[in-house]
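Here is a note for a colleague who is meeting this structure for the first time. The points below are meant to be read alongside the sequence and the model.

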Amino acid sequence: MKKLLYFALLLFALSCSAQSGYLPPQNGENTDPEQTEDRGVAEIPGLPSDADTIEVPVHVQFKRDTIIEHYVEFRTGNIPVIISVPHGSTVEGGSINGEEFVLRTKENTGDPSFSTVLDTRTILLADCTDAEFQRKTGKYPYMIIAGIRRKYVDFNRSKQYAIPEGSVANGIAWDTYHDFVKAAKDSVVMKFGTGLLLDFHGHSHDVKQVELGYILSSSDLGLSDEVLSANDKYAKKSSIYSLSLKNKTNLSFVELLRGEFSFGDYLHKAGLPCVPRSKKPNPGDEIYLSGGYINKAHGSASNVGGTIDAIQLEFDSTARKSANCEDTAYSLVSAVISYMKKHYYTNAFGK
Ligand SMILES: [Zn+2]
């Protein structure tokens with residue numbers, strides 16, 4: 001009897017993959033077949049007495065999960081985009097398993113780049129971006145959002161400098177954040193093969209532009225295209241190394257970094273001033289942030305490996321104004337989709 005049931009389910013599954021049909025959507029459900037995911041057989045109807053009565057396979061829509069654990073929020077996704085927001089929380093203290101968060105100081109962290117600055121409204125901007133992806137594609141990016149202030153945990157530092165030495169709750173929160181980033185990366189690799197992590201930050205520098213960080217310093221970017229191309233150490237240390245090795249039109253690393261099809265060019269054309277891009281290949285004397293721990297640890301630099309590229313996005317204060325949230329998100333999502341359609345082997349956004 002069990003064998004018969006297994007056989008029936010196998011037929012059921014095969015018919016499921018062989019035909020394009022899925023149950024007509026209920027009111028308000030998405031009607032795009034690409035936006036459904038086959039979660040297999042939703043329920044076992046019991047063995048039919050007649051093969052003709054086997055029911056139409058059930059495809060269940062992707063259902064996003066939101067997990068909030070140890071002061072970190074993780075939202076699951078179904079496109080190869082991961083958004084990380086490490087410095088946006090205004091939550092003042094708390095505890096995990098009865099252990100209180102400990103305030104960071106220069107002394108108890110030893111952090112050479114010690115900072116407790118809040119990246120104001122980056123969570124709002126990430127929420128607007130999440131909503132814009134849903135509006136434009138009907139799909140969801142992965143989201144990892146810190147829920148404790150930077151003055152307790154700096155999620156964009158290596159653990160050694162991120163938390164006060166010996167602090168328990170701070171360490172658990174840091175681990176949780178990076179475990180969720182890894183989980184998102186693993187899921188994207190499994191479903192899509194490659195993907196892009198966008199690490200959201202905010203700066204208050206004089207020049208209003210989005211600083212795109214690839215782990216290349218301002219002086220690296222000051223080098224000519226010829227020099228950056230002549231030695232592959234620059235591509236290898238960048239957070240888009242994987243893309244430079246394999247992209248749809250075989251563009252070179254420098255073309256991807258600041259050519260006419262670079263992310264910077266797509267973003268600028270979509271309405272957000274930024275650097276680097278073809279018309280502004282380096283920041284010159286302007287203050288510029290090139291990318292922090294998250295980009296280094298979770299991007300595709302050769303010492304990390306893998307196929308998830310990363311770009312740090314340092315948004316200026318104008319781009320992060322509440323009134324501009326939707327416009328900034330609109331430009332950003334347009335640029336991400338155009339860039340990924342052009343360079344990545346994915347049809348996650350449609351043809
Ligand atoms: Zn930041």
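1. In strand β9, Leu196 is the bridge partner of Val81, and the two strands concerned, β5 (residues 81-85) and β9 (residues 195-202), pair in the parallel sense over four bridges. Strands count as paired if DSSP finds at least two bridges between them; strands (E, at least two residues) and helices (H or I, at least four) are DSSP runs numbered from the N terminus. This is a predicted model, in which local features need pLDDT of at least 70 and side-chain atom pairs count only at pLDDT 80 or more, while totals for chains, interfaces and linings use all residues. Residues are numbered from 1 along each chain as its sequence is written, and side-chain values use heavy atoms, with hydrogens and water left out.

2. The pair belongs to an open sheet of eight strands with mixed pairing, in the order β3-β4-β8-β5-β9-β12-β10-β11. Because β3 (66-69) and β11 (274-275) stand at the edges with a single partner strand each, one side of each has no neighbour in the sheet. Helix α5 (residues 168-192) packs on this sheet, touching β3, β4, β5, β8, β9 and β12, and its direction makes about 175 degrees with that of β8. Helix α13 (residues 325-343) lies across β5, β9 and β12 and runs at about 155 degrees to β9. Such angles run from 0 to 180 degrees between N-to-C directions, with axes fitted to C-alpha atoms, for helices over the stretch in contact.

3. Which residues have the most contacts inside the largest nonpolar core? They are Phe200, Phe263 and Leu313, in a core of 49 residues, to which α13 gives the most, with seven residues. Apart from it lies another core of 26 residues, including Phe74 and Trp174. A core here is a set of buried Ala, Val, Leu, Ile, Met, Phe, Trp, Tyr and Cys residues joined through side-chain atoms within 4.5 Å; buried means under 20% relative accessible area, exposed over 50%, and partly exposed in between, with a 1.4 Å probe and protein chains only.

4. The aromatic residues deserve a separate look. The structure holds ten aromatic pairs, and ring pairs link Phe263, Tyr266, Tyr339 and Tyr344 into a cluster. Rings of Phe, Tyr and Trp (its six-membered ring) pair if their centres lie within 6.5 Å, and planes under 30 degrees apart count as stacked, over 60 as edge-to-face and the rest as tilted. Lys269 lies over the face of Tyr266, at 5.8 Å from the ring centre, and the charged end of Lys246 sits over the ring of Tyr345, 5.2 Å from its centre; the criterion is NZ of Lys or CZ of Arg within 6 Å of the ring centre and within 35 degrees of the ring normal.

5. The loop between β11 and α12 (293-298) holds Pro283 and also Pro276. The peptide bond from Val275 to Pro276 is cis, with omega near -5 degrees. Pro283 counts as buried, at 3% relative accessibility, and, leaving aside neighbours within four places in sequence, is in contact (heavy atoms within 4.5 Å) with Ser218, Leu221, Val275 and Tyr288.

6. Most residues other than glycine have a negative phi. Tyr71, in the loop between β3 and β4, has a phi near 65 degrees and is partly exposed, at 25%. Asn250 has a positive phi of about 55 degrees and counts as exposed, at 67% relative accessibility.
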